[in-house]
Amino acid sequence: MKDLLNLEILKNTFDDLPVGVGIFKIEDINDIKSVRYVFMNKVVLYEMRKTRDEVFGKKIIEVAPEAYEHEGGLAVIETYRKVAETGEDVNLGLVEYSNEEVAGTYECSVHHIQDNYVYVMLRNVTELEQKKIELERKNKELNQYVSIVSHDLKDPLNSITIVLQLIEREYAGRLDDKLDKFFKYLTDSTTRMRTMITELLDFNSLGQGKEKTSIDCNELIENVQNDLGAKIKNTQTNFQVETLPIINGYKTELRLLFQNLISNGIKFQKEGTTPNITLSVKNENGWTFSVQDNGIGIAEENKDKIFSMFQRLHSTKEYEGSGVGLAHCKKVVELHNGKIWLDSELGKGTTFYFSIPQ
Ligand code: ADP
């Protein structure tokens, strides 16, 4: 009697929930054909395109015998049995369900109620999954497009460069000041364009066709410090690093990320200041790294736009660079499903943070 009362309360509670909930009873714990629908809420009935009368109190084998005919269906029903047997909940993740009228993808978990009763919770994510596939396809297309256009742009650029070199050789020392200035401007522009195309291609290829590996960040930072050796020495940078973790990620990309953030911290300084760079890490639902500097700072209104490709706040005369470093950083962090952000005070310094979920 007590069991029935509990079940009634559960049924009433579940019926109007916006997610699908169904209660099953496994009559014989050793027989997956003995699983019976006790109750399906409105969402599940809608997903199955069935009425209460067609389902309630019936066995799965009577209502949906096809479920026993393929691996996916069998695995789900076996999970109901297992959860009833062990009392331990199971998250099934994404599950495909179809009958003669519907087909879709569902996020699905199975929970123990008591004795031989379990309940299953499901959410229809068919549209979300389709959008994800579509987005991935469009992203791939865009990458290919960028790659083709960038390569194609190199040809005419090479022609311009060759003609410029020919002119330079032919008229060496014979150009007047004005023409000489125009000529230099043209050469600088083509060089800049070549750099931009290369950087676009680099940006595009980040993470492509690579596998994540286990990375000791202490070793990674040692390598970065070696690469930046001359810069650190010339500027007498004071560089502090905490002990860092071992993480799972894309090695070359992560190295680029640390290198960009650290070298920006060294670069964007008031003249005459000795750079102080501190690299720290916290374990809070995954890793959160921070790179702190005592540089010129970044105004509030520029905090988002500096992550865009080719976006700079200064001329190359003030601080050299091409404005791709942080765009690369953002892409690398997002490849690892993390986020990048910053705190800054003008004239005092900036701290960049990025998270790497584990
Ligand atoms: P680049 O360093 O080539 O200019 P980035 O994409 O790395 O390109 O940075 C974009 C802009 O963000 C820089 O031009 C600079 O204005 C600003 N910036 C980046 N890092 C810092 C920093 N640590 N302190 C102050 N400004 C910064």
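Guide: First, a term: domain bounds here come from an automatic or database domain assignment. On that basis the protein chain is divided into domain 1 (7-124), domain 2 (126-205) and domain 3 (211-358).
Visitor: What kind of model is it, and how are residues numbered?
Guide: This is a predicted model, where local features need pLDDT of at least 70, side-chain atom pairs count only at pLDDT 80 or more, and totals for chains, interfaces and linings use all residues. Residues are numbered from 1 along each chain as its sequence is written, and side-chain values use heavy atoms, with hydrogens and water left out.
Visitor: How far apart are the C-alpha centres of domain 2 and domain 3?
Guide: They lie 27 Å apart. The contact (heavy atoms within 4.5 Å) takes 7 residues from domain 2 and 8 residues from domain 3.
Visitor: How much area is buried there?
Guide: About 650 Å² between domain 2 and domain 3, with carbon and sulfur atoms giving 69%. Buried area is the accessible area (1.4 Å probe) that two parts lose on being put together, summed over both.
Visitor: Which residues of domain 2 lose the most area to domain 3?
Guide: Met196, Glu199 and Phe203, together 76% of what that side buries.
Visitor: How many salt bridges are there between domain 2 and domain 3?
Guide: The count is 0. A salt bridge needs a side-chain nitrogen of Lys or Arg within 4 Å of a carboxyl oxygen of Asp or Glu.
Visitor: New topic: the ligand. Which residues are closest?
Guide: Asn264, Asp293, Arg312, Gly323 and Leu326 are the closest of the 20 residues that surround the ligand. To be near, a residue needs a heavy atom within 4 Å of the molecule.
Visitor: What does Asp293 do there, in terms of distance?
Guide: A polar side-chain atom of Asp293 lies 2.8 Å from a nitrogen atom of the ligand.
Visitor: And Leu326?
Guide: There, a backbone N or O atom lies 2.8 Å from an oxygen atom of the ligand.
Visitor: How much of the ligand does the protein bury?
Guide: The protein buries 98% of the 530 Å² that the ligand exposes taken alone. Accessible areas come from the Shrake-Rupley method with a 1.4 Å probe.

Definitions and conventions: A polar contact is a pair of N or O atoms within 3.5 Å; within protein, one must be able to donate a hydrogen and the other to accept it, and residues adjacent in sequence count only if both atoms are side-chain atoms.
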